[in-house]
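Me: Before I rely on the labels attached to a structure, I would like each one traced back to its definition. Could you take me through them with the model in view?

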Amino acid sequence: MVNITINGKNCSVDEKLSVLEILQSLKLEIPTFCRDERSEEKLGICGMCAVSINGTVTKSCKTLPTEGMVIDTKAPEVINNRRQLLQKYIDNHHVNCLVCQKSGQCKLQEYCYKYGIDKTIPNSLELIPVDDSNPFFVIDPNKCIGCGKCAQICRNLQCNHALKLKNTNGKMHTWANKADNINSSTCVSCGNCVSFCPTAGLLPKHKHQFRHWETQTVKTTCGYCGVGCQINFEVKDNVIVEAHPALVKPNVGLLCVKGKFGFSYVNHPDRLTHPLIKENGVFRKATWDEAFSLITKKLSDTMNAYGGQAIGAFSSGKCTTEENYLFQKFFRGVIKTNNVDHCSRLCHSSSSAALGKTLGYGAMSNSVHEGFESKVILISGENLRETHPVLGAKVKHAVQSGAKLIIIDIRDIDLSEIADVFLKINPGTDIALVNAMVNVIISEGLYNKKYIDENTEGFEALKESVKDYTPEYAEKICGVSKDDVIKAARIYSSDVATTYLGMGNTQHINGSDNVTALSNLALICGNVGKEKGGVNPLRGQNNAQGACDMGAFPDIYSGYQKVDDPKVKEKMEKFWNVENLSPFAGITVVEMIDKISKNEMKFLYVMGENPLMTDPNLNHVRSALKNLDLLVVQDIFLTETAAMADVVLPATCFAEKIGTFVNTGRRVQRVRQVVTPPGEVKMDLDIILELMDRMGYKQINRTPETIFNELCEVTPLYNGFSYSLIENEGVQWPVINGKGTEFLYEDLSNLKRKFSLIPVELVNSVEVVNDEYPYYLSTGRVLYQYHTRSMSGRVDGLNEKCPEPYAEMNSNLLEKISKKDGDMITIKSRRGEITLKIKVRDGVKDGVVFVPFHFSSALVNELTGSEFLEPISKTPEYKICPVKLI
């Protein structure tokens with residue numbers, strides 16, 4: 001600490017902070033254009049932060065305090081310096097404030113008003129051409145003041161290096177880096193530069209005319225992916241007109257392209273606005289009373305004739321925590337069936353099962369925001385920059401700051417280009433690779449013996465099980481260099497390491513074992529129970545974690561309480577005031593489809609899911625659904641599944657809801673109503689409440705907050721939560737002494753049980769390549785689309801960036817099949833075939849074809865199989881499907 005004087009007052013301050021940071025911490029208003037508080041880089045370009053330091057006007061952002069320093073922020077020479085700078089900026093500025101979209105939010109306009117700067121001479125600047133190549137935003141050099149803030153954000157926070165400062169005719173302005181325009185650069189259209197531009201140098205392409213002072217701002221949680229970004233939406237006339245990232249956890253001012261620009265679907269004309277009932281194969285508009293009456297009559301008839309086991313229900317990772325809780329309560333407590341599941345079954349139920357056994361909680365052990373500061377990062381089977389873009393930016397920031405990065409994948413991804421080790425493995429060989437890393441760490445004595453002795457059990461069995469998994473064996477099986485295996489093991493064990501894993505691990509016949517292997521790796525190095533460490537499965541949908549937490553699975557109530565536990569059953573019956581809850585686990589998504597195909601299940605209720613695109617073996621699914629007596633779909637658009645339904649119920653999207661989402665890092669976050677829903681649309685919660693009423697169960701708690709309080713009371717994992725606790729930026733479960741848990745297992749001395757090291761062996765996929773089907777198909781996601789495109793497919797810019805399905809393969813494979821980039825190709829498996837365009841990408845593993853699953857015009861899940869399920873989680877095999885190419 002040093003002693004300084006600020007505006008005549010003595011202060012003791014931290015000598016490591018800049019003078020600007022000190023002044024801002026004291027709530028002194030210091031104008032800046034170029035400063036971004038999240039970046040360690042001090043640009044010092046704009047000069048507006050200059051203050052008098054020991055009698056000399058000096059930039060405060062570039063100056064550290066020294067003992068006895070005297071600072072004056074209001075001296076006449078300081079004010080005069082600011083006025084001179086502003087005059088220079090405004091004289092070089094294309095002033096058209098009357099029609100400028102930034103009017104009311106422009107810092108140049110604000111400062112000129114405050115300091116009395118005017119430009120009365122007609123603007124005769126030679127205008128520089130505008131770059132409007134990007135579908136989402138415009139770069140206007142004539143409005144740019146050359147502060148460099150946008151390039152700094154792109155470089156240091158988004159870590160994409162798509163922008164630079166350029167000099168055109170003596171004027172400094174932002175421009176595309178190493179490209180003719182921004183759309184042909186490395187830009188990923190995240191819009192983080194746009195969000196923090198102080199002027200109109202970067203502007204979103206608005207579809208609605210508005211002035212910022214005409215809007216209302218509402219903060220809510222993003223409805224895309226599992227990061228849980230906080231967004232401030234601007235609303236005019238019940239239409240979202242702009243989105244800004246909130247400067248709170250977990251995103252801390254960052255968004256991806258979908259969060260920043262992908263909201264126009266909310267007011268899309270395709271929205272369902274009233275119930276539909278199908279008669280003679282054609283939908284007709286119906287009243288809510290007609291729809292509810294038909295549903296409840298068929299529910300009652302089915303229960304009376306066949307029992308609750310003939311009824312199935314798909315809950316949703318897109319709906320709120322409260323809705324998922326109420327949904328499973330309705331079907332368990334009123335309909336008397338545990339046949340409740342949702343799409344996490346198809347994604348991460350294997351990681352939940354594995355981590356539940358090895359660690360205790362089947363969720364991310366650490367936090368999303370920790371990615372910024374990690375020292376060693378392992379990413380396995382997860383294209384982080386496309387599937388969880390904001391977390392991907394944090395990881396890239398960590399690497400730029402010196403973190404070591406290990407990537408395990410079957411194809412090159414954005415982050416593999418900067419990885420210290422990239423292990424491009426053969427499909428399905430993850431266990432052999434990870435066991436080999438464990439082998440190296442143990443044989444070289446790099447493991448944490450003290451941690452293992454005190455906190456784990458099963459080490460000797462694990463040590464014995466991996467002795468044959470040498471780097472040489474991994475090289476032979478996995479198709480990677482043994483030296484790279486050794487290098488990865490040494491890097492991983494060199495410091496506290498965090499592990500991120502995705503569906504490249506979980507969507508396999510041995511998905512649980514894949515995750516168990518990664519858990520073993522983390523445990524022998526002592527990486528669990530530490531900040532910036534842990535084992536972290538990344539949930540794909542905005543509330544997949546919340547749906548899991550709320551018991552949207554056939555074998556658990558909320559909080560992972562087992563349905564076959566007599567004490568839990570008795571507790572739930574008493575709390576819900578019901579009788580005869582089923583003591584038997586229900587069946588999963590895939591198993592329900594099989595039951596329907598055999599006429600053993602008569603009624604299916606689908607809330608916010610689209611199984612006719614997401615389920616494996618879609619021809620089988622389509623055929624099975626035709627057997628139902630009644631299919632009910634509750635959604636925001638007429639999806640592929642809704643089009644097959646007998647009754648369609650129009651529901652609210654995330655921007656029309658009140659409730660909570662739980663992000664992939666266990667953070668329970670507020671969801672606030674941004675706009676009112678169109679037409680006769682009802683909130684999912686209210687639809688379920690009405691059905692409960694009509695089926696004879698009067699739900700006492702009927703608002704999102706009172707239902708949240710109810711679920712917190714009956715769910716030990718959520719004890720201590722309240723809306724007031726999570727109001728600002730959310731809190732991670734569990735709550736202990738009124739505070740959330742940033743990372744799990746911190747107090748290792750008080751673990752209920754030791755962590756389990758469980759040996760796992762490599763198991764080949766049941767379905768393997770042969771002469772008839774010689775190549776492997778793998779499915780996945782892309783940045784510019786989301787899930788089944790019911791949302792993102794109705795955003796013009798996203799469709800412009802990624803308009804159609806494609807089959808990625810490398811040039812070696814193209815030569816082998818005598819095809820070229822852009823040709824059409826038919827991919828055929830044992831279950832079906834699709835035709836789509838080839839996209840050459842040499843980063844794909846030899847003999848592998850990658851196809852995104854988002855597009856209904858090429859239903860890749862017509863090819864994948866439902867016959868072979870992971871034995872513990874019942875997850876299908878999506879990542880290995882033998883195919884032929886025609």
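This is a predicted model: local features need pLDDT of at least 70, side-chain atom pairs count only at pLDDT 80 or more; totals for chains, interfaces and linings use all residues.

Reply: Residues are numbered from 1 along each chain as its sequence is written, and side-chain values use heavy atoms, with hydrogens and water left out.

Me: Why is strand 21 called largely enclosed by the rest of the structure?

Reply: Strands are DSSP runs of E with at least two residues, helices are runs of H or I with at least four, and both are numbered from the N terminus. A residue is buried when its relative accessible area is under 20%, exposed when over 50%, and partly exposed in between, with a 1.4 Å probe and protein chains only. Five of the five residues of strand 21 (residues 497–501) are buried, and therefore the strand is described as largely enclosed. Ala 497, Thr 499 and Leu 501 point one way, Thr 498 and Tyr 500 point the other way, and all are buried.

Me: How do you know that strand 21 pairs with strand 17 and with strand 22?

Reply: Two strands pair if DSSP finds at least two bridges between them. Strand 17 (residues 376–380) is joined to strand 21 by five bridges and runs parallel to it, with Val 376 partnered by Ala 497 and Ser 380 by Leu 501. Strand 22 (residues 535–537) pairs with strand 21 over three bridges, also in the parallel sense, and there Thr 499 stands opposite Val 535. These strands belong to an open sheet of five strands in the order 19-18-17-21-22, with parallel pairing.

Me: What makes strand 19 and strand 22 edge strands of that sheet?

Reply: Strand 19 (421–424) and strand 22 each pair on one side only. Neighbouring strands of the sheet are turned by 15 degrees against each other on average, direction ignored; axes here are lines fitted to C-alpha atoms, for helices over the stretch in contact, and angles run from 0 to 180 degrees between N-to-C directions. Helix 16 (residues 482–492) lies across strand 17, strand 18 (404–409), strand 19 and strand 21, at about 130 degrees to strand 19.

Me: What makes strand 7 and strand 8 a hairpin?

Reply: Six bridges join strand 7 (residues 163–168) to strand 8 (residues 171–176), and the two run antiparallel. Two residues lie between them, and Asn 169 in the turn has a positive phi of about 55 degrees. Thr 168 stands opposite Lys 171.

Me: Why is helix 12 called roughly parallel to helix 18?

Reply: Angles under 35 degrees count as roughly parallel, over 145 as roughly antiparallel, 65 to 115 as roughly perpendicular, and the rest as oblique. The axes of helix 12 (residues 430–443) and helix 18 (residues 511–524) come within 9 Å and cross at roughly 15 degrees, which makes the pair roughly parallel. The contact, meaning heavy atoms within 4.5 Å, includes Val 434 and Ile 441 of helix 12 and Ala 517 and Leu 521 of helix 18.

Me: How do you know which classes of residue make up the contact of helix 12 with helix 18?

Reply: Ala, Val, Leu, Ile, Met, Phe, Trp, Tyr, Cys and Pro count as nonpolar, Asp, Glu, Lys and Arg as charged, and the others, Gly among them, as polar. By this scheme the contact of helix 12 with helix 18 has ten nonpolar, two polar and two charged residues.

Me: Why is helix 8 called roughly perpendicular to helix 25?

Reply: Helix 8 (residues 321–334) and helix 25 (residues 704–714) pack at an angle of about 65 degrees, with their axes 9 Å apart, and that angle makes them roughly perpendicular. Their contact divides into seven nonpolar, one polar and three charged residues. Among the buried residues of helix 25 are Ile 707, Phe 708 and Leu 711.

Me: Why does Val 840 count as partly exposed?

Reply: Val 840, in strand 35 (residues 833–840), has 31% relative accessibility and therefore counts as partly exposed. Leaving aside neighbours within four places in sequence, Val 840 is in contact with Met 809, Asn 810, Ser 811, Leu 814 and Asp 821.
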